[in-house]
Amino acid sequence: MNKAMKFATWNVNSLTVRLPQVLDWLQANSVDVLVLQETKMTDDKFPADAFLAAGYQAQWFGQKTYNGVALLSRTPAADVLKNIPEFADDMARVICGTVGGTRVIGAYFPNGQEPGSDKFEYKMQWLKGLRAWVKRELEQHPQLVLMGDYNITFDDDDVWDPEGMREQIHCTEDERYHLRALVALGLHDSYRLFAQAPKSYSWWDYRDAAFRRNRGLRIDHILISNALKPLARACQIDKTPRKNERPSDHAPVVLELDLPL
DNA sequence: ATGCCTCAGCTCCTGAGA
């Protein structure tokens with residue numbers, strides 16, 4: 001007996017501001033596992049009770065002002081990890097747990113700011129650390145989902161202005177090399193397993209009416225392991241939360257998997 | 001043009017995001 005399970009990722013850009021929208025969205029969509037990025041709150045502020053009342057167990061890992069991640073699931077997550085083991089990091093960027101036999105990694109990849117900057121170098125080192133760790137996780141967990149805000153586009157199809165953004169942040173060959181190397185571990189960009197409308201993006205700048213003009217980037221991804229690939233049924237970017245009065249600049253991405261119960 | 005929005009915080013400006 002198989003059950004369609006929904007896995008989703010959403011950069012909420014402050015869970016304090018977006019909590020009501022996240023709760024509404026969970027109620028309207030039968031999502032089983034949701035990872036959040038940019039919660040921007042310390043652990044003592046995390047609204048675990050509100051999620052519990054909505055039917056979700058939570059694991060969270062945050063800090064003041066920046067970053068912060070969470071893993072919500074209908075059934076509790078086991079073997080939870082926070083950040084990349086063996087990669088020392090001041091920032092709260094990764095949360096990982098096993099939900100119903102599937103290893104779930106939620107990640108907020110570094111922005112990188114500008115090629116050549118210290119922050120870009122940190123992004124490169126972080127990507128190397130992530131890949132070494134994910135390789136080991138894959139060896140232990142054939143069923144693995146790696147999802148979150150990658151802050152990297154795969155190719156020109158993910159960019160509203162490919163020529164204008166050539167070698168700009170999120171679009172450099174250095175970043176894309178690391179993204180391809182992750183995929184080469186035995187992962188698949190679940191979004192591209194299915195037919196998608198052209199100019200599909202997951203993030204739009206708040207400025208310049210970028211959402212209305214669809215000037216965006218696809219930087220939020222759900223990668224799935226070889227074992228999960230044949231179980232994938234659909235992957236979509238849900239733009240409906242953008243109708244809220246104060247939306248996040250990111251839209252959630254949702255994957256449907258036909259997982260054995 | 002080093003900013004156009006949005007958010008947090010050492011809050012009436014700045015840093016950061018992407």
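Author: A residue is taken to be near a molecule or strand when its C-beta atom, placed from the backbone, lies within 6 Å of it. The model is predicted, so local features need pLDDT of at least 70 and side-chain atom pairs count only at pLDDT 80 or more, while totals for chains, interfaces and linings use all residues. Residues are numbered from 1 along each chain as its sequence is written, and chains are lettered from A and ligands numbered from 1 in the order in which they are written.

There are 22 residues around DNA strand B, and those that come nearest are Ser14, Thr16, Asn111, Tyr206 and Arg207. By class, this surface is made up of five nonpolar, nine polar and eight charged residues (Ala, Val, Leu, Ile, Met, Phe, Trp, Tyr, Cys and Pro are nonpolar, Asp, Glu, Lys and Arg charged, and the others, Gly among them, polar).

Threonine 16 sits in helix H1, residues 15-28 (helices are DSSP runs of H or I with at least four residues, strands runs of E with at least two, numbered from the N terminus). Threonine 16 is exposed because 11 other C-beta atoms lie within 10 Å (20 or more such neighbours make a residue buried, 12 or fewer exposed, and anything in between partly exposed, with C-beta atoms placed from the backbone). Beyond its neighbours within four places in sequence, threonine 16 is in contact with Lys40 and Met41 (contact requires C-beta atoms, placed from the backbone, within 7 Å). Threonine 39 is 23 residues from threonine 16 in sequence, yet their C-alpha atoms are 7.4 Å apart.

With 21 C-beta neighbours inside 10 Å, lysine 40 counts as buried, and its phi is near 60°, a positive value in a residue other than glycine. Most residues other than glycine have a negative phi. Asparagine 151 has a positive phi too, near 55°; asparagine 151 lies in the loop between S8 and H4 and is buried, because 23 other C-beta atoms are within 10 Å.

Tyr206 and Arg207 are also among the nearest residues to DNA strand B, which draws attention to aspartate 205, found in the loop between strand S10 (203-204) and strand S11 (216-217). Aspartate 205 has 14 C-beta neighbours inside 10 Å and so counts as partly exposed. Setting aside residues within four places in sequence, aspartate 205 is in contact with Ala210, Arg215 and Asp249, and its C-alpha atom is separated by 9.0 Å from that of leucine 217, 12 residues away along the chain.

The loop between strand S9 (187-189) and S10 holds phenylalanine 194, which is partly exposed because it has 13 other C-beta atoms within 10 Å. Not counting residues up to four places away in sequence, phenylalanine 194 touches Ala234 and Cys235. The C-alpha atoms of phenylalanine 194 and alanine 234 are separated by 6.7 Å, although the two residues are 40 apart along the chain.

Finally, the helices: in H3 the residues Lys123, Trp126, Leu127, Leu130 and Val134 are buried, and what covers the buried residues of H3 includes strand S8 (144-149) and H4. Where the two helices meet, Met124, Leu127, Arg131 and Val134 in H3 face Asp174, His178, Ala181 and Leu182 in H4, a contact with five nonpolar, one polar and two charged residues.
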